[in-house]
Amino acid sequence: MKMSQLFSKTLREAPAGAESKGYEFLLRAGFIRQLGAGIFSSLPLGLRTVRKIENIIRAEIDAIGGQEIQMPLVNPADIWKETGRFYSIDKELSRFEDRTGRDMVLAMTHEEAATDIARGEIDSYKKLPSLIYQIQTKWRDDPRPRAGLIRVREFTMKDSYSFDKDWEGLEKQYKAHYEAYFKIFGKCGLPVIAVGSDSGMMGGKVAHEYMYLSPIGEDSIVICPDCGLTANRQVATFKKEIFSEDPLEMEEVHTPGTKTIDDLATFLDIPKSKTAKGVFMMGSYTNDEGEEYEELICAVIRGDLDVEEAKLQNAAKANGLRPAHEDEIRAQGIVPGFGSPIGTAVKNIIVDDSVSSSNNLVAGANKEEYHFINTNFERDFNGTVADIASAAEGYICPDCGTPLTMSKGVEVGNIFQLGTRYSEAMGCSFQTEQGKRAPVIMGSYGIGVGRLLACLAEETSTETGLQLPITVAPYQVHLVGLVKNSTVPEEIYEELQRRGVEVLFDDRKASPGVKFNDADLIGIPNRITIGNRGLKENSVELRVLGEEESSMVPITEIADRIQQIISSQISAIYDTMVVKSL
RNA sequence: CGGGCUGUAGCGCAGGGGCUAGCGCGCUUGGUUCGGGACCAAGAAGUCGGCGGUUCAAAUCCGCCCAGCCCGACCA
C-alpha cells in the first residue's frame, strides 16, 4: 500500500476525549473513527488488524472442529421469548417492531439463534458432538459506553456454540476452547489469565473469563499469589473466620445514633464481626406470564464483610438488582439504619454463611435507636443460606490460606457451560442410541474482537505510538522513502510485494520528520528507510521496532533479510506463547 | 438513570449583545528546502449543535431539546 493513496490520515493532536494511550493512538494513527457513543468505524489500517485477529481466531477454532457460519443480527423476538430472555434482559437488549408489528430484537448474543439452527439440523446422536461459530456484529445498548473500544455498544464478536450428547462431551469441547483461547490470545500477543467467573445472563454453571490485567479494566480479579487461584470478584470465595459459641438470650439495647456498623461497633465496643448488617435490594423477577415484578430482598451479612451483588443476585435467583428506596424498605416494617429481618414482613431473605455460622450477633431491632444483641440464625430469623460476601485484598485464599491480592482486568473472552438451559427451553433435542429423545448439551464461547484490539493497543503502545505485534500489525514492513529521483524505493516496494511481504510504502512528498513521526505513530514492527546516505553505498537502513540499534543492509539483501526477520518474529511469538489446560 | 463538563472550519482551541467570527495544525496552488512534525507567498474551507424566545441587532442573553465526554448507578 502506498501511503499517498491511503484513505486515512494521521492526526497530530488527540481528539478530545481520548483518555487512554491505546485509544488515543488508534485514533491518531487512523485505525478507527468514532461515529457515536460506543459506535466505531474501522478504517483500512484498523480493519487489516481486525482481519488478522479474526483469522487467528478462525484457525484455532477450526482446529478444534469449529465450522464457521453466520447468523443474523436481527432476530424475531419469538425465539427470545422462548428462552425468556426477551423478558428478563433489561433495555440492554434493543427491541423494535417490523412493519407488520412483529416484535424483533437486535441480537446481543446468539444462543437463541444457534439453538434454533441446531434444533433443525441435529436430529441424531450421530451428528454430535458439533461446534459452530461466527464472527459477527453484536448490539448491546450499554447504559454507559466508555474507554474507546473497551466498552462499546456495537462490536464484533467471535461466538461459538457447542452441542453434545452428554456432559463428558461438553467438558471436552469446553476444555478444547479453554486451550484454544490461550493460543488465540498468545498469537495475538496479548497476555491474559483465565479466571473463574459468574455466568451472568448466560445461565449455566461453569464459566471462565479471559482477563487482560490492566488498570483500565473494570472487572476486579482476585488472585492468589501462592497457589495461582484466580477468580472474578463476582464469584471469588475466601476463607471466612468463624466465631461460633453457645447462643445467649436475645435482648433489646438502646443504641442512639448508630446508623452504621462502624458507629454500632464503637458504641458497643465490640468487633464488627460481632454484628450482622442488613442490606436491602429490590430484585426483579419474571412471573409465569412473562410479566416483570420487583420484590424486596433482605441480605444479611456479618458486619466485617460486604455483599457481592452478583452473588446475591444468583442466590436470590433475581434477574437484576437495584438498591431499595427507603419507602420500599419501610413498607416491610424495616427501619433503615436499624434494620434486620427480625420481626418484619420480608420473605426474601438471603443469609451469608458468615452469619449462619456465627452466634450472638448484634442486629437491628427495626426500631429507631435500638438493636438486638445475641441474635442467632434459625432461632431469631430465617432465610436462604448462601455465600454472598465480596472478596477483598488480603482476604484468605480458600485453597491454600495465603492472603489474596486484587487486580483490575478487561474481559476479552469468556467460555460458558450452558448445559440444557437453551436446548430445553427451545426444544432442541436429538435421538439417542437407545432411541429416546434427549436435550442437547450446550456450551457458548465468546471473544470480543474490537476489545482485543483495544487491549493490544493498550499493552503494546510506546511513548510515540502503537507497536502491535507482527501477527496482527496491519503491515509487516514500513518502507520510508526519503530520496527523490531514484527508483530504488519503488523497486524495493515491488520486490517485497512480489515476495508476499505486506508493505506500507511512504511515497508521499513530505519531509522526513513527518514520515518518521507517522511511522512511529502507526508502529509497524519493521522499518526500512531509504535515504541518500545509504544509497551511496547501495544500502538501506533497517530498524526493528523495540530494538535500540538500526543497521545498514545492502539493497540486494534487504528482501531476504526482512523475510527472515518476519518469520523469526512470528516464531518468537509462537514460541513464548503460554497455553494452559484445564 | 443521577451528577459534572463540552458543543465555533477536517483536528485542537480562542472569542462572549454591534462592524468582515479568529488562532495553531491540516488542506490547495507556486517556489525554496530535503534523515526527525521545514520555510516563504497566495488561497479554499463555518447552518458558531438544533428549535424557539428577548432585542433595532444574538455565536454571545433566556428556555427547551439533541449530541459527545467524565464520575457514579449499570454492564458480557
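Trainee: Where in the chain is proline 129 found?

Mentor: In this predicted model, proline 129 belongs to the loop between α5 (111-121) and β7.

Trainee: What kind of peptide bond joins leucine 128 and proline 129?

Mentor: Let us begin with the general idea. Most peptide bonds are trans, and most residues other than glycine have a negative phi. Here, leucine 128 and proline 129 are joined by a cis peptide bond, with omega at about 0°.

Trainee: Which residue other than glycine has a positive phi near 60°?

Mentor: That residue is asparagine 374, and its place is in strand β19. Asparagine 374 counts as buried because its relative accessibility is 12%, and the cut-off for buried is under 20%.

Trainee: What is the phi of asparagine 366, and where does asparagine 366 lie?

Mentor: Asparagine 366 is not a glycine, yet its phi is positive, about 55°. Its position is in the loop between β18 (361-364) and β19 (370-375). With a relative accessibility of 12%, asparagine 366 counts as buried.

Trainee: What share of the contacts in chain A joins residues 24 or more positions apart?

Mentor: Such a share is taken among contacts with a separation of 6 or more, and in chain A it is 70%.

Trainee: How many cavities of 30 Å³ or more does a search of the whole structure find?

Mentor: The search finds three. The largest cavity has a volume of about 50 Å³. Its lining consists of Ser20, Gly22, Tyr23, Leu26, Ala147, Leu149, Ile150, Ile216, Ala454 and Glu458. Two elements, α1 (21-28) and α12 (449-460), each give two or more residues to this lining.

Trainee: Which element supplies the largest share of the lining of the largest cavity, and how do the lining residues divide?

Mentor: The largest share, three residues, comes from α1. By residue class, the lining of the largest cavity has seven nonpolar residues, two polar and one charged.

Trainee: What is the volume of the second largest pocket?

Mentor: The second largest pocket has a volume of about 390 Å³. Its lining comprises 20 residues, of which Phe40, Ser42, Val50, Phe155 and Thr156 are the closest to its centre. Two or more lining residues come from each of β2 (39-42), α2 (44-63), β7 (130-139), β8 (154-164) and α12. The most, five residues, are given by α2. The lining of the second largest pocket divides into nine nonpolar residues, six polar and five charged.

Trainee: Finally, there is RNA strand B. Which residues around RNA strand B come nearest?

Mentor: There are 43 residues around RNA strand B, and those that come nearest are Glu411, Lys484, Asp520, Arg533 and Glu541. Of the atoms of RNA strand B that come within 4 Å of the protein, sugar and phosphate account for 46%.

Trainee: Which elements each supply at least two residues of the surface near RNA strand B?

Mentor: They are β1 (32-36), β21 (405-419), α14 (512-522) and β27 (526-530). The largest share, seven residues, comes from α14. The surface near RNA strand B has twelve nonpolar residues, nine polar and 22 charged.

Trainee: Which part of RNA strand B does the side chain of arginine 144 approach?

Mentor: For such a reading, one takes the polar atoms pair by pair. A phosphate oxygen of RNA strand B lies 2.7 Å from a polar side-chain atom of arginine 144. In glutamate 411, a side-chain N or O atom is 2.4 Å from a sugar or linking oxygen of RNA strand B.

Key:
Residues numbered from 1 in each chain as written. Chains lettered and ligands numbered in written order. Predicted model: local features only at pLDDT ≥ 70, side-chain atom pairs only at ≥ 80, totals over all residues. Heavy atoms only, no water. 1 Å grid on protein atoms, 1.4 Å probe; cavity = no way out; pocket = protein on both sides within 12 Å on 5 of 7 lines; lining within 4 Å. Points joined across faces, edges and corners; volume = space filled by probe spheres on them. Helix = DSSP H or I, 4+ residues; strand = E, 2+ residues; numbered from the N terminus. Nonpolar A, V, L, I, M, F, W, Y, C, P; charged D, E, K, R; others polar. Near = heavy atom within 4 Å. Polar contact = N/O pair within 3.5 Å; in protein donor to acceptor, adjacent residues only side chain to side chain. Contact = heavy atoms within 4.5 Å. Buried < 20%, exposed > 50% of the residue type's maximum accessible area, 1.4 Å probe, protein only.
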